Amino acid sequence: VLYRVSPAAPMVAYPVFVLLQTAFTMGIALVLAVGTAFYRDVRHLVEVALPVIFWMTPVVYQLEVLPERVRQIVILTPLSPYVTAYHDVFFYRRWPDGLTWLLAVAYAVVALGVGLWLMTRVEDRLTEQV
């Protein structure tokens with residue numbers, strides 16, 4: 001409204017990707033919470049991994065500027081499908097491609113599934129560790 005840009009049809013995919021990214025984040029958070037409770041050094045590994053994950057995710061650059069071999073690696077990083085979908089929906093005003101949908105759903109389901117499974121597996125011992 002502020003910039004007088006009319007909404008595009010692909011923008012309806014935005015809430016779906018937000019929900020998928022939320023499920024993915026919840027799963028990773030559960031895994032890291034359990035890992036940190038049992039192994040205190042997980043916190044330090046996360047501090048090292050976050051900058052690597054940030055620069056391997058196409059947030060400040062576009063996938064199209066990368067060489068093909070590097071692009072194939074970057075698109076498989078865990079946050080790339082979500083960021084790529086946001087670029088497609090808002091910047092390019094097009095629907096995300098099938099690989100983006102597939103990876104986003106797969107990462108969300110696997111992360112949340114593993115996180116919930118791990119949390120239920122150790123919940124009785126978790127209070128002793130905290």
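Guide: Buried means under 20% relative accessible area, exposed over 50%, and partly exposed in between. The model discussed here is predicted.

Visitor: Why is leucine 103 called buried?

Guide: Leucine 103 has a relative accessibility of 10%. The cut-off for burial is under 20%, so leucine 103 counts as buried. This leucine 103 lies in helix H5, residues 98-129.

Visitor: Which residues are in contact with leucine 103, leaving aside its neighbours within four places in sequence?

Guide: Those residues are Ile75, Leu76 and Pro81.

Visitor: What makes serine 80 buried?

Guide: The relative accessible area of serine 80 is 0%. Burial requires a value under 20%; therefore serine 80 is buried. Serine 80 is placed in helix H4, residues 80-92. Beyond its neighbours within four places in sequence, serine 80 is in contact with Met56, Thr57, Pro58, Val74 and Ile75.

Visitor: How do you know that the side chains of serine 80 and threonine 77 make a polar contact?

Guide: The distance given for this pair of side chains is 2.5 Å, and the cut-off for a polar contact is within 3.5 Å. The pair therefore counts as a polar contact.

Visitor: Why is phenylalanine 54 called partly exposed?

Guide: Its relative accessibility is 36%. Phenylalanine 54 lies in helix H2, residues 42-56.

Visitor: Which residues form a nonpolar patch on the surface with Phe54?

Guide: Trp55, Val59 and Val60 form that patch with Phe54, and together the four have about 400 Å² of accessible area.

Conventions. Residues numbered from 1 in each chain as written. Predicted model: local features only at pLDDT ≥ 70, side-chain atom pairs only at ≥ 80, totals over all residues. Heavy atoms only, no water. Helix = DSSP H or I, 4+ residues; strand = E, 2+ residues; numbered from the N terminus. Buried < 20%, exposed > 50% of the residue type's maximum accessible area, 1.4 Å probe, protein only. Contact = heavy atoms within 4.5 Å. Patch = residues over 30% accessible without salt bridge, like charges linked within 9 Å, V, L, I, M, F, W, Y side chains within 5 Å. Areas by Shrake-Rupley, 256 points an atom, 1.4 Å probe, with all protein chains shown as cover. Salt bridge = Lys/Arg side-chain N within 4 Å of Asp/Glu carboxyl O. Polar contact = N/O pair within 3.5 Å; in protein donor to acceptor, adjacent residues only side chain to side chain.
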